[in-house]
Amino acid sequence: MHPRSVRLFAAGIALLVQSGMSAQAAPEPRTAPTAGSVVSVRSGEEIEFVEAPSWRDVEVLQDVKAGDVVRTNALGQLAILFNDHTQVRVARNSTLVVKSLGEGDTQLALTRGTIFARAARGGTGVTVETPAAAAAIRGTDWSMTVDGERTSLVVLEGEVEFYNPQGSVTVREGEAAAATLGQAPTRVVIVDSDDREQMLVHLSLRGAFGALPSSGTTERDLRQERARLAAVPADALTAEDRVLAAEIALAFEGRPAMRAALTAARGVPLSASQEARLLAVEAALAGAEGRYAEAARLFEAAMPRLDSGRRTLARYQAYFARALADPSLAEPPPQSGGASREGVYGDVIIAAFLEGPNAALELMQRYEARFGDEASYQA
């Protein structure tokens with residue numbers, strides 16, 4: 001990864017701290033001393049408190065203590081800012097244990113998955129343990145991945161001591177190393193050329209059905225509604241509750257839960273607008289499963305009876321579905337001109353796919369003053 005990409009990561013953590021202040025429900029109170037706080041979540045992240053060993057949802061600004069365990073699923077990501085200013089982003093399908101934070105190093109254990117982190121310069125440092133090897137870090141930008149019995153480390157800036165009982169190596173900027181359980185770590189040198197960035201960005205139009213919001217409602221409001229609905233008995237749910245549950249399942253729960261929510265909603269009388277919202281959910285499900293022609297047809301059928309925000313989302317997704325259903329089709333893409341947050345999301349996906357990540361980033365920055373107060377926008 002190019003050094004300026006590293007600096008963007010650090011800046012992104014700060015933005016997520018600011019934007020996350022109002023994006024989530026209230027975190028669980030913790031007794032002192034705490035090790036740090038969660039500053040960003042995405043979907044389905046969980047934490048196990050050391051004093052109450054059971055899994056629960058993670059909220060932004062949730063305090064983290066020594067002994068806590070955090071984990072992410074196939075969709076989830078979270079970021080933690082520790083008291084010593086160490087910044088750690090936990091990627092999807094990962095489990096991280098906060099072992100200790102005191103006078104010495106911050107002690108973490110990565111049992112599976114990937115973390116990206118920056119240790120504060122001049123701070124006490126970080127030690128990360130894995131099944132195959134441990135890393136002692138001082139003022140360094142780095143990433144680490146655990147895949148079964150193999151651990152890999154990439155140093156973006158600074159220096160890391162990577163070791164296990166079989167040996168150790170010093171890994172410096174622009175280098176990587178790997179260790180397999182029972183074998184000494186080995187170092188790999190990465191060529192850091194000035195004429196190209198060491199970043200691979202893969203964009204797929206098929207991912208657009210999951211990348212766009214499920215409704216015109218903000219993620220903060222959806223999370224609050226999700227918590228409210230969870231406390232309501234199933235037989236007490238109104239038709240509006242059931243339709244909203246289907247939209248929430250699309251955003252947070254995955255396809256099996258979405259299908260169950262759709263079935264439950266179909267079991268009660270619905271208004272025309274509620275029926276249209278369910279059609280949009282069914283269309284997104286069809287798109288995610290590769291039934292693109294069906295998805296396009298359902299989005300088109302739903303659009304006339306949707307509110308403005310949902311109609312904008314359906315218009316973009318119908319365009320994506322038609323393009324995937326018929327690769328020979330050439331039609332001008334929708335353009336919002338920044339008229340709505342939903343339109344900007346659609347424009348950004350189109351810009352990223354047709355022009356590249358730099359064009360998408362420029363578009364996000366252009367409308368940041370209007371729509372950038374949400375954590376999801378900053379992420």
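Which residues of the largest nonpolar core touch the most other members? The legends below start there. All views come from a predicted model.

**Figure 1. The largest nonpolar core has 38 residues.** Ile115, Val128, Trp142, Met144 and Phe162 touch the most other members. Strand 11, residues 134–147, gives the most to this core, with five residues. In soluble globular proteins, nonpolar side chains tend to be buried together.

**Figure 2. Valine 128 and its contacts.** Leaving out residues up to four places away in sequence, valine 128 touches Leu108, Leu110, Ile115, Ala133, Ala134, Ala135, Ile137, Trp142 and Met144.

**Figure 3. Helix 9 packs against helix 10.** Helix 10 covers residues 357–366. The two axes lie 7 Å apart, at an angle of about 160°. Angles over 145 degrees count as roughly antiparallel, so helix 9 and helix 10 are roughly antiparallel to each other. The crossing of helix 9 past helix 10 is right-handed. On the helix 9 side, Val344, Asp347, Val348, Ala351 and Ala352 make the contact. On the helix 10 side, the residues are Pro357, Ala359, Ala360, Leu363 and Met364.

**Figure 4. Serine 340 sits in the loop between helix 8 and helix 9.** Helix 8 spans 308–325 and helix 9 spans 341–354. Is serine 340 buried or exposed? Its relative accessible area is 17%. Buried means under 20%, so serine 340 counts as buried. A polar atom of the serine 340 side chain lies 3.0 Å from the backbone nitrogen of glycine 343. Leaving aside neighbours within four places in sequence, serine 340 is in contact with Thr312 and Phe371.

**Figure 5. Aspartate 241 lies in helix 4.** This helix runs over residues 239–253. The relative accessibility of aspartate 241 is 9%, and the residue counts as buried. Which residues does aspartate 241 touch, not counting those up to four places away in sequence? They are Arg228, Leu229 and Ala236.

**Figure 6. A cis peptide bond joins alanine 32 and proline 33.** Omega is about 0° here. Most peptide bonds are trans. Proline 33 belongs to the loop between helix 1 (3–19) and strand 1 (36–41).

**Figure 7. Leucine 61 has a positive phi.** The value is about 75°, although leucine 61 is not a glycine. Most residues other than glycine have a negative phi. Leucine 61 is found in the loop between strand 3 (52–57) and strand 4 (63–64). At 31% relative accessibility, leucine 61 is partly exposed.

**Figure 8. Asparagine 93 also has a positive phi.** Phi of asparagine 93 is near 55°. Where is asparagine 93 found? The residue is in the loop between strand 7 (87–90) and strand 8 (95–100). Asparagine 93 has a relative accessible area of 31% and is partly exposed.

**Figure 9. The protein chain behind these views has 379 residues.** The secondary structure comes to 12 helices and 15 strands. Buried residues make up 47% of the chain. Among contacts with a separation of 6 or more, 48% join residues 24 or more positions apart.

Terms used. Residues numbered from 1 in each chain as written. Predicted model: local features only at pLDDT ≥ 70, side-chain atom pairs only at ≥ 80, totals over all residues. Heavy atoms only, no water. Helix = DSSP H or I, 4+ residues; strand = E, 2+ residues; numbered from the N terminus. Buried < 20%, exposed > 50% of the residue type's maximum accessible area, 1.4 Å probe, protein only. Polar contact = N/O pair within 3.5 Å; in protein donor to acceptor, adjacent residues only side chain to side chain. Contact = heavy atoms within 4.5 Å. Core = buried A, V, L, I, M, F, W, Y, C linked by side-chain atoms within 4.5 Å. Axes fitted to C-alpha atoms, helices over the stretch in contact; angles between N-to-C directions. Parallel < 35°, antiparallel > 145°, perpendicular 65-115°, else oblique. Left-handed = near helix turned anticlockwise from the far one by under 90°.
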